[in-house]
Amino acid sequence: MDIHLPTLLLFSTALMLLAAGVMTVFGSVQRVYRGYWWWVSAQWLSCAGVALQAGLLPSSPAAVAMMHALLLQWPVITLVGLRRFHARQPLPSPAWVDAALLAAAYGAWALPWLMQAPLLARMAAFSLASAVLHAWVASRLLWAGSHRDSMALRAIGGFLGAVAGVQLGRAVYAAPAPAPAQALLLLQASGVLLAVTVSLITVYLTLLLTYERTERELRDSRRRLRYLANVDMLTRVPNRRRFQELARRVLERDPPGTAAVLMFDIDHFKRINDVLGHAAGDRALKLVSRCAQETLRACDVAGRHGGDEFVLLLPRTDVSDAMAVASRIAARVQMRTEPLGLPPLSLSFGVVQTLAGETLAEALHRADQALYEAKRQGRGRAVTAHGDEDQPVFGESRRLGLTPT
């Protein structure tokens with residue numbers, strides 16, 4: 001089948017104009033990321049190369065030279081865009097290596113032109129230089145461990161590797177020059193078709209990259225929103241709602257009556273805010289939260305119940321062990337107050353053992369009653385409560401060794 005090169009060039013130019021136009025319009029009306037416009041630039045430069053040859057005599061060496069010069073940049077300019085697109089995930093080699101390799105490729109391509117070698121030899125030099133550049137960019141993407149979870153980047157790397165193989169085949173075919181006229185036409189046609197294929201697939205892959213990045217950011221946003229909805233941002237422990245969700249799961253999982261509940265707060269917390277300011281109060285809350293979390297096991301559940309009040313659920317724990325946990329938390333807090341510019345802090349605890357058939361709300365209410373009793377007895381202590389919430393019986397009252405502020 002005969003190839004009519006002028007028609008092929010005009011048709012290819014139209015397709016590449018469409019591809020570059022789609023990317024330009026998309027970038028103008030949609031949110032895009034750093035690096036996107038480098039990809040658009042690479043598209044327009046490649047389109048200009050094919051268009052220039054279509055506007056001049058297709059077999060003219062000058063037209064071929066201009067097309068080669070504008071097409072050779074594509075893989076490296078695309079890599080520049082990818083470096084900016086994934087700026088937080090560096091590629092295996094620095095950016096200056098890309099520029100040096102592109103300059104070397106241009107030098108190797110220009111040498112046959114300066115030596116006035118046959119046109120096929122010049123085209124072979126272009127195909128070889130292009131194959132090296134495509135293979136280099138493909139290797140950067142496929143060997144980048146941080147990018148292996150991106151389907152789009154893996155697809156781009158594989159596509160560039162395939163293009164490198166095609167360009168290498170063109171270089172091998174052009175080198176012996178068995179039939180100059182026929183080989184010249186075939187190489188020109190295959191080069192134009194390859195440029196069009198690269199252009200069209202680039203549109204899909206760059207849009208896929210943008211979509212993938214947007215989807216990942218949406219997932220991250222939803223994860224952050226869930227975190228904000230579940231965690232008290234000052235103390236970094238679950239808020240009241242989230243604590244109750246986690247505590248109910250633990251109580252449903254473990255045998256009834258095997259968990260301990262502790263409710264505690266900072267004695268005279270309002271005085272800290274009034275005398276030292278709310279910043280000091282915030283430091284005190286963060287200190288107490290941090291000390292509690294450092295004391296607990298991985299299976300324990302902590303939460304901020306409101307204001308300066310915290311609550312703990314200790315699964316498979318009896319009241320005696322829970323009292324020991326309260327003592328360790330209070331001692332840890334006292335040791336760390338001075339470096340933070342805080343007065344000695346004392347904590348009051350209400351400690352209860354959950355009962356079979358008792359709801360979490362009922363256990364929390366009994367713990368609150370025990371906490372109130374600890375306040376009534378002088379603060380800075382832990383008090384246990386037995387019986388039901390209507391008729392609580394207060395048991396052990398342990399001094400925690402702290403002087404109330």
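This is a predicted model: local features need pLDDT of at least 70, side-chain atom pairs count only at pLDDT 80 or more; totals for chains, interfaces and linings use all residues.
The structure holds 18 salt bridges. Side chains of opposite charge can pair when their charged atoms come close.

One of the salt bridges joins the side chains of Glu217 and Arg31, with an N to O distance of 3.2 Å. This pair links distant parts of the chain, 186 residues apart. Glu217 sits in helix H8, which covers residues 180-230. Arg31 lies in the loop between helix H1 (5-29) and helix H2 (36-55). The two partners also have their own accessibility values. Glu217 is partly exposed, at a relative accessible area of 25%. Arg31 is exposed, at 56%. Arg31 counts as exposed because its value is over the 50% cut-off. Both residues also belong to a network of salt bridges that includes Arg213.

Helix H8 also holds the pair Glu215 and Arg219. The closest N and O atoms of this salt bridge are 3.7 Å apart. Glu215 and Arg219 are four residues apart, about one turn of the helix. Glu215 is partly exposed, with a relative accessible area of 33%. Arg219 is partly exposed too, at 39%.

A further salt bridge forms between the side chains of Arg297 and Asp300. Its N to O distance is 2.7 Å. Arg297 is partly exposed, with 40% relative accessibility. Asp300, in contrast, is buried, with a relative accessible area of 12%. Asp300 counts as buried because this value is under 20%.

Notes: Residues are numbered from 1 along each chain as its sequence is written. Side-chain values use heavy atoms; hydrogens and water are left out. A salt bridge is a side-chain nitrogen of Lys or Arg within 4 Å of a carboxyl oxygen of Asp or Glu. Helices (H or I, at least four residues) and strands (E, at least two) are DSSP runs, numbered from the N terminus. Buried means under 20% relative accessible area, exposed over 50%, partly exposed in between (1.4 Å probe, protein chains only).
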